[in-house]
Amino acid sequence: MANEWYNRKWAIVATHALVWALLYSLPFLLRPTYEKASPAEMAERASWFYFILGFYLTQIIFFYTNAFYLIPKLVQQKRSIEYTIVLLLVFCFFCGMRYTFERFYLGKAVVDLKPTILFTVFTFLFIISASTAFQMVRERILMDRKVSARENENLKTELSLLRSQVSPHFMFNVLNNMVSLARKKSDLLEPSLIKLSSLMRYMLYETDEEKMLLQREVEYLQSYIDLQRQRFGKNVEINVEMNVPNNHYEIEPMLLIPFVENAFKHGTGFIMNARIDINLFTTADKLFFAVRNKYNTLSEEIKDKTSGIGLANVKRRLNLLYGNNYVLQINSKDDWFYVTLQLDLH
């Protein structure tokens with residue numbers, strides 16, 4: 001917000017100067033004009049002009065003094081007596097300016113105090129009211145900005161925590177896969193370790209950005225699926241179709257992996273004809289992602305403390321990041337567990 005042009009100092013100063021110029025130029029623009037005037041009248045008009053100019057400058061100084069110093073230091077500190085005394089002194093000063101001008105510059109022997117005080121009262125009340133309203137609005141805007149900045153910071157922190165909760169769960173599964181390959185002394189261990197190293201580099205260094213290219217995220221998913229395919233071999237039928245055109249679509253990092261991870265966690269094991277289907281494609285600035293896996297409704301799985309944490313987090317992240325710009329459906333039917341996600345990529 002601070003980068004907007006109307007929030008910059010030069011724009012604020014220019015706006016204030018323009019408002020004061022328009023406000024105080026009205027009496028000069030609306031005053032009657034005379035074709036001929038005597039030298040005495042011309043001198044009196046010149047005196048009035050300089051007095052009004054000085055009086056306006058004094059009002060402007062008092063306006064900002066009241067807004068930036070008196071209200072914060074006295075009113076907000078509940079020093080009302082001191083504030084009242086200051087206002088009375090300023091009011092007397094304005095009355096004294098008017099009286100001095102008429103008495104000495106205009107040469108009036110007798111000055112009528114009633115119009116002098118009446119003129120000063122209305123002017124004084126206007127400055128006080130405008131200055132107080134200005135400071136209240138200013139403080140409200142500053143408070144709203146602080147609240148907004150705090151909410152944004154909390155949002156970033158919450159998203160970071162949610163993302164970090166997904167990553168360890170994924171790492172536990174992959175490391176278990178590496179242990180299994182090591183025990184079998186499989187030749188696939190070395191390429192698997194290289195692929196795991198690439199995944200870790202992506203997770204640790206590339207996902208710090210708020211957005212990531214969708215194509216890069218799909219490569220990450222494919223690497224994860226390849227590692228799981230090596231782990232399960234022919235025991236699980238894995239069908240993958242992910243078509244992403246070469247474009248600049250972006251997505252929140254680590255957003256899709258919990259769905260795939262959940263499918264491998266709950267769609268493998270003691271399941272007849274285990275099968276996992278994964279589909280992803282984009283069209284008309286929308287992402288369509290679907291994952292389904294077979295599961296055994298009769299088996300009672302003993303869940304650990306992290307079971308299901310991925311799906312819970314991804315729902316929360318979707319709500320925080322995309323609001324109403326996504327559709328997530330999770331259901332089960334006929335021994336199949338379905339997850340479908342439609343996401344706007346604007």
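Let me start with contacts. Of the contacts in this protein between residues at least 6 apart in sequence, 73% join residues at least 24 apart. Keep in mind that this is a predicted model.

Now the overall figures. The protein has 346 residues, and 33% of them are buried. Its accessible surface is about 22,200 Å², with 60% of that belonging to carbon and sulfur atoms. For secondary structure, we have eight helices and seven strands.

Next, the annotated segments. An unreviewed UniProt entry lists residues 12–30, 50–71, 83–101 and 116–137 under "transmembrane region". I checked two of these in the model. Residues 83–101 are 100% helix and 0% strand, with end C-alpha atoms 27 Å apart. Residues 116–137 also come out at 100% helix and 0% strand, and there the end C-alpha atoms lie 32 Å apart.

On to helix α6, residues 214–232. Just after α6 comes Gly 233, which takes a positive phi of about 60°.

Last, helix α7, residues 257–266. How many of its ten residues are buried? Nine are, so α7 is largely enclosed by the rest of the structure. Among those buried are Ile 257, Pro 258, Phe 259, Val 260, Ala 263 and Phe 264. Glu 261, Asn 262 and His 266 of α7 are buried too.

Technical notes. Residues numbered from 1 in each chain as written. Predicted model: local features only at pLDDT ≥ 70, side-chain atom pairs only at ≥ 80, totals over all residues. Heavy atoms only, no water. Helix = DSSP H or I, 4+ residues; strand = E, 2+ residues; numbered from the N terminus. Buried < 20%, exposed > 50% of the residue type's maximum accessible area, 1.4 Å probe, protein only. Contact = heavy atoms within 4.5 Å. Areas by Shrake-Rupley, 256 points an atom, 1.4 Å probe, with all protein chains shown as cover. UniProt positions renumbered as here; feature names shortened; annotations may be inferred.
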